[in-house]
Amino acid sequence: VSETLSSHDPDSLVATTVATAAIVAMNPDKSRVLVRENFDAVYGICREKQILLSDSAVAVVIKRRLASTTSMAQVYDIERDVKLELGIEELGMVASASIILKLSDLVQRGLSTSDGAMYTKVGHLQAIIESQADKGDFDAIEPQHLFSLVRGYGVLGKVEDMAHIAAFIKKHNQGQMDARLYDEMLRWHASNQNVKEVLALKEEMEKLRIPHTSGTYMSLFNCLHKFYPHLIKKYYDEMRQSGINIEGTLYARLLKTFIDLGEKDFVAHLYQEMKQKELQGINTFHPRAIPPLLKNFTHDKHKADEIIADAGRRGQLSAPTVQSAVVRYYSTTGRYDEIAKLVANVPGKTSQLYCALLNHQVKTNQRDAFRDLFQEIKNAGIAINSQVYLVAIRAFSKWRDKENMAAILEDARASNITHDDNFLVAVGEGFSSLGNTE
């Protein structure tokens with residue numbers, strides 16, 4: 001490859017074809033040909049000679065660099081660098097879709113918050129797709145790129161834009177609207193509590209005979225939750241009758257849904273079913289299943305201890321969700337020594353665990369310990385989220401500590417966190433209770 005690229009004009013079809021084929025062959029998603037030296041050699045020649053690469057090849061270059069990114073800023077830097085290295089002004093459809101999927105992943109995992117630049121990039125991908133459709137070549141668009149567009153708008157909370165894209169796809173080729181795209185749209189409508197849209201999409205899937213998946217029902221339960229118990233039971237029975245395979249994340253959702261409905265006996269039934277499947281080698285216990293199970297069996301020490309011991313056996317006590325649930329359980333049942341033992345064996349505390357510990361200290365009225373722990377969080381450089389600030393505001397309000405309340409509020413204002421309604425309400429109520437209505 002190197003010899004061919006070095007001996008041909010960089011603008012020639014041969015150079016472009018060979019360079020593109022070589023780089024695409026090293027796509028980390030589809031190939032095991034991942035020798036770093038090979039990639040660096042081929043890409044080095046492309047940079048040096050400014051060989052024109054196809055959109056697919058540029059996407060591979062970007063994907064290889066995106067693998068270890070943990071922030072939007074890094075993603076934007078990678079995009080800028082690749083454009084400069086290859087002398088291109090804009091990314092094509094495939095490369096743009098890769099960027100959007102990575103940005104969406106960072107937002108979903110809570111590593112970044114969405115911003116205007118991301119919205120612009122999703123709009124850019126939409127413009128490319130619409131342009132190709134206008135040329136009469138819509139069917140050549142890969143389903144993955146349409147999926148990237150839907151997910152991008154979904155992550156951004158732009159459900160109206162997402163609905164517009166769905167209508168656009170249906171107009172050009174209804175067949176492109178498969179179960180994966182419907183599930184993605186259901187997911188984001190459910191996240192925004194758009195019950196009407198969720199039910200309408202489900203009905204549309206039925207009319208078009210698009211099979212429901214575990215993801216379809218996950219979105220239904222997420223959206224309907226405790227507000228529509230009759231529908232939850234209806235769709236649960238429907239899911240069972242259709243033979244949908246229930247795995248870890250769906251079990252976790254079902255447990256939370258039915259504990260919120262007060263169906264303790266049914267939760268116990270699901271727990272036994274999960275245990276039976278686990279004995280058969282099926283992974284049914286997601287870390288998110290532990291909190292509702294401990295809540296259900298709070299007053300059954302034997303069962304609760306069994307749940308905690310099994311979580312430890314699976315290696316799940318390292319998960320922040322599980323740690324905080326266990327702390328809450330021990331705090332509720334007065335087993336304070338067990339909290340100390342758990343914390344002593346945790347290699348690194350997360351903001352979620354700190355939040356549970358702070359709540360415990362508020363409940364047990366340990367003011368000095370609370371102040372010390374909050375200072376420990378700041379000294380440790382832990383990223384303080386809105387939930388931790390919320391606990392702190394409520395705690396100092398309860399203790400009528402005006403000075404620390406004001407300090408927490410200033411810290412929260414100075415942070416880059418977007419605070420939710422619960423935090424703002426707690427601030428208002430706290431200062432109002434202390435007579436500071438201003």
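A residue is called buried here when its relative accessible area is under 20%, exposed when that area is over 50%, and partly exposed in between (1.4 Å probe, protein chains only). The structure is a predicted model, in which local features need pLDDT of at least 70 and side-chain atom pairs count only at pLDDT 80 or more, while totals for chains, interfaces and linings use all residues. Residues are numbered from 1 along each chain as its sequence is written, and side-chain values use heavy atoms, with hydrogens and water left out.

**The chain as a whole**

The chain holds 24 helices and 0 strands, where helices (H or I, at least four residues) and strands (E, at least two) are DSSP runs numbered from the N terminus. Of its 438 residues, 46% are buried, and the C-alpha atoms fill a box of roughly 75 × 55 × 50 Å along the principal axes. Among contacts (heavy atoms within 4.5 Å) with a separation of 6 or more, 63% join residues 24 or more positions apart.

**Helix α8**

Helix α8 covers residues 143-155, and its end C-alpha atoms lie 18 Å apart, which agrees with the 18 Å that its 13 residues should span at 1.5 Å a residue; the expected span is 1.5 Å times one less than the number of residues. The helix is mostly covered, with 11 of its 13 residues buried, including His-145, Phe-147, Arg-151 and Tyr-153. These buried residues of α8 pack against α6 (93-108), α7 (116-134), α9 (159-173) and α10 (179-191). Just after α8, Gly-157 takes a positive phi of about 80°.

**Two helix pairs**

Axes are lines fitted to C-alpha atoms, for helices over the stretch in contact, and angles run from 0 to 180 degrees between N-to-C directions.

| Pair | Angle | Axis distance |
|---|---|---|
| α6 and α8 | roughly 35° | within 9 Å |
| α11 and α12 | about 155° | 10 Å |

In the pair of α6 and α8, residues including Met-93, Ile-100 and Val-107 of α6 meet residues including His-145, Ser-148 and Val-155 of α8. The residues of this contact divide into 8 nonpolar, 6 polar and 1 charged, with Ala, Val, Leu, Ile, Met, Phe, Trp, Tyr, Cys and Pro counted as nonpolar, Asp, Glu, Lys and Arg as charged, and the others, Gly among them, as polar.

Helices α11 and α12 are roughly antiparallel to each other, a term for angles over 145 degrees. Their contact is made by Val-195, Val-198, Leu-199, Lys-202 and Met-205 of α11 together with Thr-216, Leu-220, Cys-223 and Leu-224 of α12, and these residues divide into 7 nonpolar, 1 polar and 1 charged.

Notes
Parallel < 35°, antiparallel > 145°, perpendicular 65-115°, else oblique.
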